[in-house]
Amino acid sequence: MADNGRAKPAAGESPSCGRRKGESPGSSSSSPSSSRRKPPQSPGSRSKQPANNNGHSFRKVTLTKPTFCHHCSDFIWGLVGYICEVCNFMSHEKCLKHVRTVCSCMAPTLVRVPVAHCFGPAGQKKRFCCVCRKNLEGTAALRCEVCELHVHSDCAPFSCSDCRLCHQDGGQDYDMYHHHWREGNMASGARCEVCRRACSSSDVLSGMRCEWCGITAHASCYVIISTECSLGRLRGMILHPSCVRVCSRNFSKMHCYRISETSQQCELDNLDDVDVQSPVASKENQSSGSSDTGKQTLKVFDGDDAVKRNQFRLVSIPRITKNEEVVEAALRSFYIPDEPQDYELQIYTQQGLLTDDIVNRNGTPDNKAVFKDSQPEAWLLRAKPREVELLKIYTGWLKVHINRVGVVYISITVGKSSTVDSVIKEVLTQLGKEDENPEDFNLVEVFMSSKQVQRQVLAGQELLLEKMREIRKVSLRQMNQTRFYIVESRNRVVQVDLLLGGLPLQLTTEEYTQLLQQHLAIKSHLVTITHMYAGQGAVVLQISCFSEAERIYMLAKDTNINGKQLTSLVIPEIMHSKLAKGSCPLLVFINPKSGGLKGREILYGFRKLLNPHQVFELNSGGPLPGLHTFREVPHFRMLVCGGDGTVGWVLGVLESIRHKLSCPEPAIGIVPLGTGNDLARVLRWGAGYSGEDHYSILVSVDEAEEVEMDRWTILLDAQEMTEDGKQNGFLEPPKIVQMNNYFGLGIDAELSLDFHHAREEEPGKFNSRFHNKGVYVKVGLQKLSHTRNLHKDLRLQVDKQDIELPSIEGLIFLNIPSWGSGADLWGSDSDARFGKPRIDDGMLEVVGVTGVVHMGQVQSGLRSGIRIAQGSYIRIIVTKPIPVQVDGEPWIQSPGQIIISAAGPKVRMLKKSKIKQKKQSGSLREGRAESPVPGEGAN
């Protein structure tokens, strides 16, 4: 569970004293008391501890296997322990009075701002469920793509919307951002920020960690840490949530964060349509219905919606038990912290709901056993009708100045005649705002589901008691996750930005408008084209209506124009004026197809460490959406996670729209996920990613030095200008290619072409660098007997000087001193004819190889290539079709001319510092050493 901005106790109070079960941790003293009434115990009943103020229902148990305490994470010696019957929290007897961790049934009371989760399939590491606290290994499990929430699939419906708040949603502004605490699943070696002792555990769900700044603490220590979060060591590169705005009313968080919905994630959409069983019943007590155990299993629904979806819980109870204990067990299975006296079980049959058939219908007293011989097929858990009810009205989204510090909600008593309007008046009176016009405020019902936060404005004459009865009838779980907020009823400006890609290239604004009206039937009075990227075939639409934005977004994903699928993305707005002074946010591009499954793990890791609005998946629209989002940021850096081809792709798009950016020359770092990774080697980022800590990578990027690198333009089939200024005629314009690393002709390109064909035939096998290099070796061995007199098939001119070529089979032009997965093709020997190669010297090195054997000797470090020339302007005349490759992308080039020249300004790259990083512990102490950045300008 997460605690997003828990209010602190008043002076003189202990962190938990004075707070009763059912009461929000930050509520005022006027909040209602709902202390659990201890039911009468029959002889022989199990030894129970009274429910404490954190919602737990502890029961004394005899331990039959090694068990660890969830509070202190130490081993429980002896045979006696205490377990919560709701969330499975295990404790020493001595630790019971010190427990500060809140039960899962109380998690909705800790939510400061409801934010839905983005569930995806779980990873491979050992994790514990944040709902039932059990190990996830060997079971179907999910994880949030944005925060550290891990749950079983059947526990996900009982988690609430307590994800990180990563942006301003329309007009809802927050002046201060609190720590976002998440329990357990921390890195080994994490130390408490308060007492400096170890606070992580690999045996149980234990310890607390802020998911923004990364500080860690014990559950009994974190309550004394200051509430405001400074974002920690990485604050300079994190895009602060207060600087990002998204109008996302009709869009899920998956859409807002541009998280691609894979086939596994599509299955999550049907999560509520399958049977949801009690973790205890489904994982431990599958044989509980046998006669020798003395127990039976009940199928229980929590409302009409659960009946329609066949969504039930299996509740295990003794064969002879009391009515109230059965109801209490059913409430626990649905994580509902209410009193059993307020609920009843009704018999459910396929013919309908028999409201009269309650558990004690046979007339026996309530304290007698009722489940003895036969039992119905299923039961329906219902709330008993109430004449009056205590309603909590939250003021979290209301901008009011009040004297009562720490108020989270106002408690209002509602009866049969209480309307929305009357409740608003009473709330304003308690807030000291009697002079305000009640018509300027609305009461909003908010359902805090784990997958989506649903908001509904209630009508003024609607009866609230009847409304609450309707919600409970639909689902008791839904009622436990529902809040009522009082908000100002002002008209907010709707502005949704969508980027549509996949359109034809080089059209005018009028032509793009006509095309969209033809295929998407856009409404001109609601939709405006604000930005156009004709070279990329993309436009940005600004839409002033939520329903129209949702319609266009969904329709575009199913639309093809000229045989090409359109892409549609929600684009956040970065309010650059709110960025802190000196901040340099990091724009991250990740190619999940690179490096096998490692690309996806990096994507997941960076979304958690940074703001997900600054992490872009290249599968969804390429680099353009990220560059457009950051177009007005005055200073930012970029991190490209992929191979050399991915880096070239990003550099190419950056070059084409550089003139539209406030920061036209951002420095670029690399996480090498490809096969060769030659550019990453030169810039010290390594030969390939091998599971390095994601936090350490970001620290290295922050400390990296900026260097310049040449880029080159290659004109294929080019015709030069004649002396009289007239251009020689040709049928087609020259093909223009950008080069960053090297350009090869002959045997080198031929091997790349064979590898490319093999990968196209069986792409599923090419998911590791080891396999890819093995394929290179295989195709190289097949070319051992190959001979090509390349020097006879082309003529070379360097800086307008004709160069005589030796007898070679491959000709390679180098911009960086690394080729073919780290080989030094030019060599390190000094030569008076040539200067020492650098990536920013404005020169290309021309090298020849005599064949596959020579290339193998270069790869093994036994030889270097044949040095031919250095120059800044290259002209090649090809007389026969020949294989060529640019940065690993091969094809067959027809006869003609090839011209290589410098491509405009140099690009700025990030070179990893030589200083070795100190290994960081789970607690980032230095992250809190300075004052919070948001105070300098990021509200």
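View 1. Val-494 has a relative accessibility of 23%, so it counts as partly exposed (buried is under 20% relative accessible area, exposed over 50%, and partly exposed in between, with a 1.4 Å probe and protein chains only). This is a predicted model, where local features need pLDDT of at least 70, side-chain atom pairs count only at pLDDT 80 or more, and totals for chains, interfaces and linings use all residues. Residues are numbered from 1 along each chain as its sequence is written, and side-chain values use heavy atoms, leaving out hydrogens and water. You will find Val-494 in the loop between strand S21 (482-488) and strand S22 (496-501); helices (H or I, at least four residues) and strands (E, at least two) are DSSP runs, numbered from the N terminus.

**View 2. The surroundings of Val-494.** Setting aside neighbours within four places in sequence, Val-494 is in contact (heavy atoms within 4.5 Å) with Ile-543, Ser-544, Cys-545 and Phe-546. Cys-247 lies 247 residues away from Val-494 in sequence, yet their C-alpha atoms are 6.9 Å apart.

**View 3. Asp-440 in its loop.** Look for Asp-440 between helix H6 (420-430) and strand S19 (441-448). Its relative accessible area is 40%, so Asp-440 is partly exposed.

**View 4. Helix H15, largely enclosed.** Helix H15 (residues 694-703) is largely enclosed by the rest of the structure because 7 of its 10 residues are buried. Those buried residues are His-694, Tyr-695, Ile-697, Leu-698, Val-699, Ser-700 and Val-701. Their cover includes helix H11 (598-609) along with strands S29 (586-590), S31 (637-642), S32 (668-672) and S46 (907-911).
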